[in-house]
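Please look over the sequence and the model before reading on.

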Amino acid sequence: MRPSFYITTPLYYVNDRPHIGSAYTTLIADILAMYHRMNGDDVFFLTGTDEHGQKVQQAAEKNGINPREHCDRYAARFRELWSYFNLSNDDFIRTTEERHVRVVQSVLQKLYNEGQIYKDTYDGWYSVADELFISDKDYEEGKYRDVRRISESNYYFRMSDYQERLIRHIHEHPDFIAPENRRNEILGFLKQPLKDLCISRPKERLSWGIELPFDDQYVTYVWFDALLNYITAPGYLQDEEKFKRYWPAVHLIGKDILTTHCVYWPAMLLAAGLPLPAKIFAHGWWTSEGQKMSKSLGNFIDLETIQEHCGRVGKDMYRYYMAKEGPLQNDSDFSRERFYQTYNSDLANDFGNLVNRIFKLIGKYYEGKIPAPGEFSRDEETLKTNAEQCRNKVFAYLQELNVNALTAEILRYVSSLNRYLEVKEPWKRVKIDAAAAGTVLYAALAGLRFSAALLYPLLPEKMAEFFEMLNTGEKAGSLAEWEALPAGAQLQEMKALFPRFDLSELESPAQ
Ligand code: MSP
């Protein structure tokens, strides 16, 4: 049976419109999913929307519509963005769906029956804005907004019971939380005694949520509800075979939702008797033009800005840039100048030039037919071995989710092909020895085709166009063997895949 690979993005809140943060996590997950499919794995890629809770209720009230209508509108915006990017997700889950409500209520009932959920009264501080109960210390430090004193009866999950098991799991599975800085953050957090988790909200205060199956005066705390989506979608309690096939997942998240994913979620799974996630990878954040993104600073990268960039240099470049420069370990800064410069140097120059040189020469001197190679010298053999090594590294980086290194690795190989041509100068050689120049062009094209196949998840539209130009009947998205390039095949006319972008166009700001 093919190995399975289950990857998730966070479920996006429907109180805000998509922006570079949501686009980033989702495109990286898509890229990972596509590489795994290319590797022959059985992939399940999930994204969706988080639709309950106070923020959504308030946003709907503000717009003067009922919460369900509000959710439908916002969920549609996310779907639109993902279809704009041709996302390859296998499912899109909304936490208001019936299939999810059933799972949440079943898990709650099971934990309640087992005494893992109990009722208690809380007297203390509550942040309305963050929907959190906070300590006296937090209150004094003024960390939270909109804080009120409340006295309230609620239901609690015995999260504290799982502290030791969780710490042990993290130590025994060094890859469970990545990157290393996030793992250390969680181990640091777990040095303090873990408290039980309040998992309910009284309906009088909040009605937009999943009703507790054992007390109709309460709804479920939004995080306890939302996290369970990761098991709903692959079929928990509905399609056990499918569930077994895909669970556990690799969760791709941002650094701000580390504790909920690395502490609450594993504790919930342990309580439910389910295997823990395979990996939780928490990336950093994008800043914009050197500062934290904010609507008031005018540097917020929203959907319109994303589409404006894509309109200039193509959607593929946006994906490519997210992968190459995105904040995996620490934060990264999105600068328009760097974005367009990277386009020019990596795609217009390195990749584009290579295509140009090879297609032009084959067109001019070989009637557009891929020349048959003669004997390979050490240089061509090296190109071939390097190609294989490049592929091995790409798949090794894939295991670590290191898309930065993966992208740089392929580009390095593309640059080495340009250097090879500069040394061999087929444009001069062809006038003296057409057969020898043919071998050089064949080898360079074999390398180009190999790298185009590897680049497919990063630049799917452009690489599909490349394979059409190559005209060998191969479909983009499968792995290419270096020597399988068919000599004699007729190339199609060359199109400029990555026309150079004139940076002076940036003088009129995008925002
Ligand atoms: N609904 C919760 C997740 C529940 S998962 C069961 C949530 N939603 S969110 O819409 O607020 O955030 C979703 C993701 O966007 C988070 O992973 C967050 O890190 C990410 N980002 C928000 N702003 C970001 C940047 N500026 N840069 C990168 N990612 C950022 O949290």
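The model is a predicted one, in which local features need pLDDT of at least 70 and side-chain atom pairs pLDDT 80 or more, while totals for chains, interfaces and linings use all residues. Residues are numbered from 1 along each chain as its sequence is written, and side-chain values use heavy atoms, without hydrogens and water.

**The sheet**

Helices (H or I, at least four residues) and strands (E, at least two) are DSSP runs, numbered from the N terminus. Two strands are said to pair if DSSP finds at least two bridges between them. An open sheet is built from six strands, in the order E3-E2-E1-E12-E13-E7, with parallel pairing. At its edges are strand E3 (91-94) and strand E7 (177-178), each of which pairs on one side only.

E1 and strand E2 (residues 42-50) run parallel and are joined by eight bridges. Tyrosine 12 stands opposite threonine 49 of E2. Between E2 and E3, which also run parallel, there are four bridges, and here leucine 46 stands opposite aspartate 91 of E3.

How enclosed are these strands? A residue is called buried under 20% relative accessible area, exposed over 50%, and partly exposed in between (1.4 Å probe, protein chains only). Eight of the 10 residues of E1 are buried, so E1 is largely enclosed by the rest of the structure. E3 is covered on both faces: Asp91 and Ile93 on one side, and Phe92 and Arg94 on the other, are all buried.

**Around the ligand**

| Residue | Polar atom of the residue | Ligand atom | Distance |
|---|---|---|---|
| Leucine 11 | backbone | nitrogen | 2.8 Å |
| Tyrosine 13 | backbone | oxygen | 3.2 Å |
| Aspartate 50 | side chain | nitrogen | 2.7 Å |

On its own the ligand has 670 Å² of accessible area (Shrake-Rupley method, 1.4 Å probe; for residues, only the protein chains shown count as cover). The protein covers 91% of that area.

Arginine 319 belongs to helix H13 (residues 315-325). Its relative accessibility is 2%, so arginine 319 counts as buried. Contact means heavy atoms within 4.5 Å. Apart from neighbours within four places in sequence, arginine 319 is in contact with residues including Leu27, Asp30, Phe85 and Pro457.

Alanine 272 belongs to helix H11 (residues 258-272) and counts as buried because its relative accessibility is 12%. With neighbours within four places in sequence left aside, alanine 272 is in contact with Lys110 and Leu111. Leucine 108 is 164 residues from alanine 272 in sequence, and their C-alpha atoms are 9.3 Å apart in space.

Technical notes
A polar contact is a pair of N or O atoms within 3.5 Å; within protein, one must be able to donate a hydrogen and the other to accept it, and residues adjacent in sequence count only if both atoms are side-chain atoms.
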